[in-house]
Amino acid sequence: MNHSPQKRRVEITWLGHSAFKLVSSTGKTILIDPWLDNPKAPAGLKDGINADLILVTHGHSDHLGNTVEIAKRTNAKVIAIYEVSVYLESAGLGNVQGMSKGGTVNVDGIEVTMVDARHSSTIETDGKMIPGGEAAGYVVRFENGYRIYHAGDTALFMDMKLIGQLHRPHVAIVPIGGLYTMEPRDAAIACKWIKPKHIIGMHYGTFPALTGTTEELRQHLPMPMKSRVKELQPGVPITL
Ligand code: NI
Ligand code: MN
């Protein structure tokens with residue numbers, strides 16, 4: 001049996017909507033799009049949650065979420081596209097790394113690459129909407145080589161095939177709710193291109209308007225890929 005820390009896999013917890021907590025093989029905690037006031041998030045979570053690193057895919061409030069308060073409390077480093085990073089600094093955060101698509105940031109051995117997404121991005125602040133650059137996705141490459149792709153909010157786009165070829169993610173986390181993002185049918189096409197070992201749906205079930213389900217995602221996948229879809233329960237960690 002090999003239970004050495006280097007071989008430990010990554011623990012993934014869905015926190016509802018597009019919010020995820022990833023714990024690396026060396027115990028570092030990454031939050032992606034930590035909107036922990038979402039209707040599916042476990043109650044009281046945001047006040048105690050730990051974070052070393054926070055990744056923000058775009059400026060919409062259901063993704064930027066509680067980033068500022070969590071980062072202030074934990075002093076986590078926050079990574080976002082340049083325009084959102086400038087906003088976060090203006091909101092009082094000191095440990096912010098702005099970047100853009102195609103770039104990679106290495107944070108204590110964890111490599112974070114920002115990739116494309118097809119969506120808009122604005123930031124609501126003081127009752128106004130300010131431009132948030134473009135929406136993005138992330139590929140996180142952990143210390144042990146494990147790779148997770150979080151697609152952010154996006155339509156289906158052909159270059160998801162390229163993301164799969166370049167990064168060969170073990171896990172793809174894709175939006176399936178529809179209306180503002182891909183529906184399950186398109187998410188299934190994305191997964192056929194990306195070829196991940198495990199598939200996790202997000203951005204569904206939060207509101208009645210986000211109608212896609214993981215069961216529909218399974219229906220649209222070819223037989224050998226159906227069992228790759230993991231239906232997560234908010235707050236319940238899984239290790240893949
Ligand atoms: Ni959005
Ligand atoms: Mn959204």
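Trainee: What spacing do the donors of the manganese ion (ligand 2) follow along the chain?

Mentor: The pattern is D-H-x89-D-x49-H. Bear in mind that this is a predicted model.

Trainee: Which residues are the protein donors of that manganese ion (ligand 2)?

Mentor: Asp62 and Asp153 each donate through OD, while His63 and His203 use NE2. They lie 2.1 to 2.3 Å from the ion.

Trainee: Where do aspartate 62 and histidine 203 lie?

Mentor: Aspartate 62 is in helix H2, residues 61-64. Histidine 203 is in the loop between S14 and H7. The pair therefore ties together parts that are 141 residues apart in sequence.

Trainee: Is aspartate 62 buried or exposed? And histidine 203, buried or exposed?

Mentor: Aspartate 62 is buried, with a relative accessible area of 16%. Histidine 203 is buried too, at 1%.

Trainee: Now the nickel ion (ligand 1). Which residues coordinate it?

Mentor: His58 (NE2), His60 (ND1), His119 (NE2) and Asp153 (OD) do, at 2.2 to 2.4 Å. Along the chain, the spacing of these nickel donors is H-x1-H-x58-H-x33-D.

Trainee: Asp153 again. Which ions does aspartate 153 bridge?

Mentor: Aspartate 153 bridges the manganese ion (ligand 2) and the nickel ion (ligand 1). The two ions lie 3.2 Å apart.

Trainee: Why is the site of the nickel ion (ligand 1) called irregular?

Mentor: The angles among its four donor atoms run from 86 to 178°.

Trainee: Where do histidine 119 and aspartate 153 lie?

Mentor: Histidine 119 is in the loop between strand S8 (110-116) and strand S9 (122-125). Aspartate 153 is in the loop between strand S12 (147-150) and helix H5 (160-167). So this pair ties together parts that are 34 residues apart in sequence. Histidine 119 is partly exposed, with a relative accessible area of 24%, whereas aspartate 153 is buried at 2%.

Trainee: Back to S14. How many of its residues are buried?

Mentor: Five of the five, so S14 is largely enclosed by the rest of the structure. Both faces are covered. His198, Ile200 and Met202 are on one side, with Ile199 and Gly201 on the other.

Trainee: Which strands does S14 pair with?

Mentor: Strand S13 (residues 171-175) pairs with S14 in the parallel sense over five bridges. Proline 175 has methionine 202 as its bridge partner in S14. The chain crosses from S13 through helix H6 (residues 184-194) to S14, and this β-α-β crossover is right-handed. Strand S15 (residues 229-230) also runs parallel to S14, joined by two bridges. There, valine 229 is the bridge partner of isoleucine 199.

Trainee: New topic. How many aromatic pairs are there?

Mentor: Two. Tryptophan 14 and tyrosine 204 are stacked, at 5.4 Å centre to centre with 15° between the planes. Tryptophan 14 lies in strand S1 (residues 11-14) and tyrosine 204 in the loop between S14 and H7, so the pair ties together parts that are 190 residues apart in sequence. Both residues are buried.

Trainee: And tryptophan 35 with phenylalanine 207: why is that pair tilted?

Mentor: The planes are at 35°, so the pair is tilted. The ring centres are 6.1 Å apart. Tryptophan 35 is in the loop between strand S3 (29-32) and helix H1 (45-48), and phenylalanine 207 is in the loop between S14 and H7. Tryptophan 35 counts as buried at 14% relative accessibility. Phenylalanine 207 counts as partly exposed at 37%.

How values were computed: Residues numbered from 1 in each chain as written. Chains lettered and ligands numbered in written order. Predicted model: local features only at pLDDT ≥ 70, side-chain atom pairs only at ≥ 80, totals over all residues. Heavy atoms only, no water. Phe/Tyr/Trp six-rings, centres within 6.5 Å; stacked < 30°, edge-to-face > 60°. Helix = DSSP H or I, 4+ residues; strand = E, 2+ residues; numbered from the N terminus. Buried < 20%, exposed > 50% of the residue type's maximum accessible area, 1.4 Å probe, protein only. Pairing = 2+ DSSP bridges. Right-handed = clockwise from strand over helix to strand, strands pointing away. Donors = N, O, S within 2.8 Å, 3.2 Å for Na, K, Ca; no water. Tetrahedral: all angles 85-135°; square planar, octahedral: opposite > 155°, others 65-115°.
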